[in-house]
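Me: I am new to this structure and would like to go through it step by step. Could you show it, and then take my questions in turn?

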Amino acid sequence: MNDRQEKSPFSDSLATEENGLGFENLNHRLQRYAGAKSRALDMVDYIKTEQLSNNETRKLTTKVGKCASYLVFKHYYTENKVILHGMKTCRQQLLCPFCALRRAAKHVKAYWDKVETVKQIDLNLQLYFVTLTVKDGDSLQERYNHLVKAERRYKQQRINALKGQKFVEYAKALGGVGSVEFKRGKNSGLWHPHIHMIWLCHEAPDAYKLSQEWEGLTGDSFIVDVRPMHGEIDGFLETFKYALKFSDLPLADNWEAFQKLKGKRLINSFGVLRGVEVPEDLTDDDLDEDLPYMLMLYNYRKGSGYNFVEQWED
């Protein structure tokens, strides 16, 4: 089987588009969900064809294959709002773009709400989008370990600096959140790991000093990036699209990444953003329970996407 994939059409769908809940946006949402479902089924076919079948992979492919086979929407017709009310999900976001898309939306909302609260208390806080990289390599597992260990040491240096020890640029962040992302390097073809982070600071991080400190920790990597977040929501979208990016990989790489990174903590927060609770439920929040609504059922058919089945009043 050819495991080369075109870039997934849904991976650049910004998570805040989930807030476009008007009835006029429903077709667009269904198209994105159908693209996600189609890629998940491609992944299932790859696993079944290329991998040795065992109980674990059979259970996995069954779960992913059945994910989001039907969707139930609530149409609050007096408010022109349509929310995703019900579906069966696999919660395998490293393999399933539908779950990744919905999970990203939940993360964006939860952390965005927390940042808004913190900024109301401290009006001088500014947001910065910070990226830390390490050198490309053959082994995904080794590169992941190298990246995460270096960032943990840097975070400990931040804690020490806040206690009065040697200052580091990381200590400028009163808090933040970051995610680990992997892709293939454009030139090397090797695994290219990096961390996208959002820092809340009173003073801008110095990219030159940050680069020096990061190279001292990694021993092989000095490439970092620091950008002020003028369009603040964009940085959140990029940070929490980490799982969607796995679906831009060729199927073989996606499967390898899943096997090596499943169960790993790919999102981490600290400081004033530590402890943000992200809902486990991947459906939309209901509106006022007193509002009238219709329920609408759609099911997925290969080749035609999501098709309307019926609607009814609850």
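Reply: Before the questions, one term is needed: a charged surface patch joins like charges within 9 Å, taken from residues with over 30% relative accessible area and no salt bridge. Please keep in mind that this is a predicted model.

Me: Is Arg 152 buried or exposed?

Reply: Arg 152 belongs to helix α4, which covers residues 140-162. Exposed means over 50% relative accessible area. Because the relative accessibility of Arg 152 is 56%, the residue counts as exposed.

Me: Where is Glu 289 found?

Reply: Glu 289 forms a negative surface patch together with Glu 79, Asp 288 and Asp 290. With a relative accessible area of 72%, Glu 289 is exposed. Its place in the chain is the loop between β7 (267-271) and β8 (294-301).

Me: Is Thr 239 buried or exposed?

Reply: Thr 239 lies in helix α6 (residues 232-239). Apart from neighbours within four places in sequence, Thr 239 is in contact with residues including Phe 129, Val 177, His 196 and Ile 198. Since buried means under 20% relative accessible area, and the relative accessibility of Thr 239 is 0%, this residue counts as buried.

Me: What separates the C-alpha atoms of Glu 50 and Leu 297?

Reply: Glu 50 lies in helix α1 (residues 26-50) and is partly exposed, at 36% relative accessible area. Leu 297 is 247 residues away from Glu 50 along the chain, and the separation of their C-alpha atoms is 34 Å.

How values were computed: Residues are numbered from 1 along each chain as its sequence is written. This is a predicted model: local features need pLDDT of at least 70, side-chain atom pairs count only at pLDDT 80 or more; totals for chains, interfaces and linings use all residues. Side-chain values use heavy atoms; hydrogens and water are left out. Helices (H or I, at least four residues) and strands (E, at least two) are DSSP runs, numbered from the N terminus. Buried means under 20% relative accessible area, exposed over 50%, partly exposed in between (1.4 Å probe, protein chains only). Contact means heavy atoms within 4.5 Å. Patches are made of residues with over 30% relative accessible area and no salt bridge: like charges are joined within 9 Å, nonpolar side chains (Val, Leu, Ile, Met, Phe, Trp, Tyr) within 5 Å. Accessible areas come from the Shrake-Rupley method with a 1.4 Å probe; for residues, only the protein chains shown count as cover. A salt bridge is a side-chain nitrogen of Lys or Arg within 4 Å of a carboxyl oxygen of Asp or Glu. Lys and Arg count as positive and Asp and Glu as negative; His and the chain ends are not counted. The place of a charge is taken as NZ of Lys, CZ of Arg, CG of Asp or CD of Glu.
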